[in-house]
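Hi,

Here is the structure I promised to hand over. Have a look at it first, and then read my notes below.

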Amino acid sequence: MFTALYFGVVGAVLALLMRVQLSVPNNDFLEAAYYNQAVTMHGLIMIFWFLSPLGVALFNYLVPLQIGAKDLAFPRLNALTYWLFLAGGLMAVLSFFVPGGAAAAGWTSYEPLAGPVYSPGPGPTMTYLGLMLMAASVTVGSVNFIATILWLRRPGMRLSDMPMFSWFALFTVVAMLFAFPSIIAAFLLVLTDRLIGTVLYAPPSILNVPGIDPSLLWDDLFWFFGHPEVYIVLLPAFGVIADITPAFTGRPLDGRNWILISVAAIVLPISFGVWMHHMFLTGIPNVLLEVFDVSTEIVSIPFGIIVIMFILSMVHGRIQFKTPLLFIVGALVLFIIGGIMGVFLSSPVLDRVYNGSYFVVSHFHYVMVGATIFGLFAGIYYWLPKMTGRMYNESLGKVHFIISFIGFNVLYAPMMLLSDMPRRIFTYQNIGDWAQLNGIATVGAFIFAGAQIIVAYNLLHTWFRGPPSGPNPWGSQSPEWSTPATGSVPVAPVETEPAGGWIGQLPGPQSASVSGPSPVSHAMSAVSHEVHLSSRPLTLSAGVMLFLTGAALYPGGAIQLSVLTIPPGVFPLALMVLGVGVFAASIVGWAWDDIRNKFVGPAGDPGGDRWPYDEVPKMKLGMWVFLSSEIVLFGTLLGAYIFIREAALEWPSPASVHDIPLATANTLILLTSGFTMAMAVYAIRKGDQRGLLGWLVATFVLGSTFIGVKISEWLGLFSGAAPFLPSSSNPVTALAASIYYVVVGLHGAHVVAGLVVLVYLMKKTARGGFTKDDHMSIENFALYWAFVEIVWCFVFPLFYLL
Amino acid sequence: MKTSTIAGVWAYMVVAVLTETATFYYVTNVTAQTVVISLLALSQATAVAIFYMQLKDEPGSIRIFALVGVMFLSALLIAMVASLG
Ligand code: HEM
Ligand SMILES: [Cu+2]
């Protein structure tokens, strides 16, 4: 049973490993246009579909094991995370093959370069839509991991007892939760520009609104995400280091609490407070230059503490130089080098010289490829016996390390010296020592890539032929080793009684006091109910992907099929219709499964250590985590609007565009639906099912009326004497209309989504599906609905009154 | 939560929106208008969060999600507007 469950997860890890092989960059023999696509897609794929996911795949496998959970908190959402991620990746890769090719504006997608004027064609649209799917997947995934870690720890596992890797996982997903909304917002604006003709990032040559600089808006939105993202990439690797170093030094980690405090400081305040160091040359005011110079240098303090603690742990212990430890040492050395370069870059003065040069490229490859990949390799070698039950070949591992380390430095050290060569050029004149240095770097790249063949062989060989490793080859104290390995080698089950196995191995005062059935046997008995082979997440993702691909390709050229010519637009349209159909069917199916209670968890509450969430139901926790990310999403969009308004020197007065009394009335309708929804909760808390149904219907009617009024309002705006449209010939009107439709439209979409859920809730209520003690969905929906109401409390005054 | 609280919050929301619109029509000083309307909007959002989203009954461990979200958001907004110079 265990094996079957884990194979799903391991399969995901493997699929991700294959992505690794697929995403090797092509860096040579390319024309300029292809070179730009290659650079761009290399950056995007490596960061979003390889590095980060590899870390997350490890989370997926290890966090439940380490905290003693059977699975993640929301298994079907986990499947959704995976399929959305895959669909996004497919779209990004497929975009190479559509006419005009993939995105080519750099991974940073600077606007307006990445907009429809300078990067026309369906390819970039597809790439960016793929990114959106990936970002959606990340948001769903972070909610799931946070709920899992906070809520599904086994009894006796206090937060403070969690293994280091799980701690780092928690920090990483928290950073994801708050960083990704801003990139979703940023790309939403890009995509509406590309798909429905808004002009939010239009260059001044096309749309001249006095005071507006679209590139600055992009920089703010992108880097507010972008800098936290680099830590998101890095932290899983540091988690591996923190977790497994003790196995090779024979003693516990030094300064565990110092490390945790430092990561907390990095993740929460600091990483979100340094993004403008990517914008030193954009003409932001001098005060900001100083603030962000200092804040960036402050980052080195917690990182310094972490690195020093790692080093002390090794110095104090008796080191065994096994492959994982070698990779750890490598990661640390490379991180230190890269970090020092980062400190240079954090000075606005020096950055003036280095910005946009190969020095920057060298910097981030040292920290991202060096520290991150080496750290993750350490983890993969270390946990391979856990995943497969077999031991890898130690000498091959060492050879892999040595060649990689040499290859890496031969590749990136010359780039450090190339601080006078601009990045992202596809060819260059023979100036100074550029040719030699570039030549050396290319040789390094081949050495580095060659080394990866060794690890591929080693992994596969281990998987099928490796010698059995035994259940705990490293003699580790960490809880994940106390369950049987998941691979194909039959291993004797480990002792799982409280006296011997899992619990007994854990240090700490409370472990002795735990009694009752061992969590392992408990898990075993529960697992049989919990086989989540729902196909809904897969079809749902596929539906979204089809629809979006169709949208990106629309209208496209005519397609010639022997005698038959399909006129432009038909094929994409068909894709869109098919996509909507599949999507709708999945949603309905999903709801139907729930109404019929097809997926029931194990009866009763398994219990566990949940401080500080003992009193909070799992679903509510998940909902709040999700809402906190929604706060940032809507806030960012409203922020973009405020930003544009502050910058613009002229703006149409609201009364000249909108019907204020009508909007006020519609606002009252929405606010009243908030009241009826609160009453619905009140009713069911008393156990009044008929009351619940009545209030839900009232909410539905009010919500639909709100949308109906909105639609008629928009139709009026489209067709009035002076239409309020992004295509307006007056640039100020065009910009105002663009941001208005995007923000108000997104709010409307949330209302519509709410109405769909209401249909489900009404149906379930009518079948008597909710009772006084069992109506979590109602409570959660009320939270969502209230949130949508709050958003409108800002949208209304900002767009209609001020 | 009592029905009177639920209805009270709703009544406040209605009054606040009507005041906003009235401010729009009758207060001509732009700064005063902006300040009044923004404060009303903030108070509405707070009321919904505290009562309809029941933050008043939730433990701090739930409130923190709302707080952290708002905190990140404020940081972003302040710096964004500042970067306009
Ligand atoms: C030790 C602390 C660090 C400092 C002080 C630092 C500082 C900087 C600065 C100032 C820049 C801007 C350079 C420019 O565009 O002119 C930069 C770029 C960059 N850094 Fe770091 N960094 C640090 C650590 C990291 C880490 C850990 C990562 C990733 C794991 C990372 C990834 C990047 C990336 C990807 C860029 C380039 C973005 C682009 O494409 O323009 N940095 N860093
Ligand atoms: Cu940065």
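H277(A) is buried, at a relative accessible area of 13%; buried means under 20% relative accessible area, computed with a 1.4 Å probe on protein chains only. H227(A) is buried too, at 6%.

Before going on: this is a predicted model, in which local features need pLDDT of at least 70 and side-chain atom pairs count only at pLDDT 80 or more, while totals for chains, interfaces and linings use all residues. Residues are numbered from 1 along each chain as its sequence is written, chains are lettered from A and ligands numbered from 1 in the order in which they are written, and side-chain values use heavy atoms, with hydrogens and water left out.

Which residues hold the copper ion (ligand 2)? The ion is coordinated by H227(A) through ND1, and by H277(A) and H278(A) through NE2, at 1.8 to 2.1 Å. Donors here are N, O and S atoms within 2.8 Å of the metal (3.2 Å for Na, K and Ca); water is not among the atoms, so sites may look incomplete. H227(A) lies in helix α6 (residues 214-249) and H277(A) in the loop between α7 (256-270) and α8 (286-316) of chain A, so the pair ties together parts 50 residues apart in sequence. Helices are DSSP runs (H or I, at least four residues), numbered from the N terminus.

The copper ion (ligand 2) is 4.4 Å from the iron atom of ligand 1. Around ligand 1, an oxygen atom is 2.4 Å from a side-chain N or O atom of D351(A), and a nitrogen atom is 2.8 Å from one in H363(A).

Enjoy exploring!

Notes: Helices (H or I, at least four residues) and strands (E, at least two) are DSSP runs, numbered from the N terminus. Buried means under 20% relative accessible area, exposed over 50%, partly exposed in between (1.4 Å probe, protein chains only). A polar contact is a pair of N or O atoms within 3.5 Å; within protein, one must be able to donate a hydrogen and the other to accept it, and residues adjacent in sequence count only if both atoms are side-chain atoms.
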